[in-house]
Amino acid sequence: MEKVVLCVVLCVAICELVAASSLALLSREERGAKKGKCSEWEFGECIPKKGTCGPGKKPGTRQGGCRNKQKMFKCQVPCAAETAVAIVDKNRKKMMKKKGCRYSKGPWSECDLTTNMMNRTLTLKKSNPDCEETRTVQKRCKKNKNKNKKRRCMYNKGDWSDCDPVTNTRNRTLTLKKGDSSCKAMQTRVKNCGRAKKGCRYSHTWSACDTTTMLKTKLDQLKPNSKDGCPATRARPAKTKKCKCKYGWKPFTKCDDNKKKVRTGILLEHTSDAGCPPTKDVTKDCRKARDICTFGPWGKFGPCENGVRTKIRTIVAGSDIPKCVKKSAKTKRCTRA
């Protein structure tokens, strides 16, 4: 009986799955019918960007359930000169490459001023029955291709003169280095001295090291062409920094009677500031002699007395130091047999 019930339940479940899948398929078909297919693009007239020919854009429209029904496409309006002579496009180049056509390129002709075009002839280099023997390629002339270029005059530039306080200008002379007869043999350039006349302008430098304070001060040196009446230097005591003095140090001397030791440093001039003292002494207190304890080898533990056994080692150095006396003996508990 239980097996029959299970079979009935399984059959019902399978029927429900089949019905659900058929509904899903129907819904997809209905959705496809609603959405529809897109038709092919229909293009309008190509409108060039500049003038009456050349590159431009054309509008495209299509029908159906498409998301984008209108779009602008790039296009090309052929010019009169371009229609007369075939211009090699990308598709034709690809086709020629597939056929194995190889050409040797001739020189470009002079620019035709009426059409503003220039061309050259391509001669077949690799034989192939499907390739053309000769081809003509055309392109627009570059700007100012056939116009007379300006003669360039090259000059040697002289140094700028001192500033004239009356006109607040300075000048320099240019001497002809290279050029034709239309170039001037000499020219003069004039420019303003700048903003120096409007106030006191300084360049910043650091002073030499002061050996008493071991500090150096920032000084301002007056720039040329500054305003009249400005002080030649301007000190800034607030802006100071430590002198950079580096020394090579000798080892410390032995402790003297005052329990001091000294070492001397010799100035390293290539890495130090100007004005540093040539030598420098550093004095240091000698460390207090530590409790140095020196012992001999340990002896054996002695007999048990009062529940303790003791072993001793001899004190070689530091016998008058309580710490050394304490470390010279070792004990352990014991029990009498």
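Two residues count as being in contact when heavy atoms of theirs lie within 4.5 Å. With that in hand, the predicted model can be looked at as a whole. Take the contacts in the chain between residues at least 6 apart in sequence: 39% of them join residues at least 24 apart.

The chain is built from 4 helices and 19 strands. Of its 337 residues, 19% are buried.

A disulfide is a covalent bond between the sulfur atoms of two cysteines. Searching the whole structure turns up 8 disulfides, and three of these pairs are described here: Cys-38 with Cys-66, Cys-111 with Cys-141, and Cys-245 with Cys-276.

In the pair made by Cys-38 and Cys-66, the S to S distance is 1.7 Å. How exposed are the two ends? Cys-38 is partly exposed, at a relative accessible area of 40%. Cys-66 has a relative accessibility of 10% and counts as buried, because the cut-off for buried is under 20%.

The sulfur atoms of Cys-111 and Cys-141 are 1.8 Å apart, and the two residues form a disulfide. The torsion about their S-S bond is about 110°, which means that this disulfide is right-handed. Distant parts of the chain are linked here too: Cys-111 belongs to the loop between β5 (103-105) and β6 (117-124), and Cys-141 to the loop between β7 (134-140) and β8 (154-157), 30 residues apart. Both Cys-111 and Cys-141 are buried.

As for Cys-245 and Cys-276, a disulfide joins them with an S to S distance of 2.0 Å. About the S-S bond of this pair the torsion is about -80°, so the disulfide is left-handed. Cys-245 is found in the loop between β13 (233-242) and β14 (247-249), and Cys-276 in the loop between β15 (260-267) and β16 (279-285), so parts that are 31 residues apart in sequence end up tied together. Cys-276, with 9% relative accessibility, counts as buried.

Definitions and conventions
Residues are numbered from 1 along each chain as its sequence is written. This is a predicted model: local features need pLDDT of at least 70, side-chain atom pairs count only at pLDDT 80 or more; totals for chains, interfaces and linings use all residues. Side-chain values use heavy atoms; hydrogens and water are left out. Helices (H or I, at least four residues) and strands (E, at least two) are DSSP runs, numbered from the N terminus. Buried means under 20% relative accessible area, exposed over 50%, partly exposed in between (1.4 Å probe, protein chains only). A disulfide is a pair of cysteine sulfur atoms within 2.5 Å.
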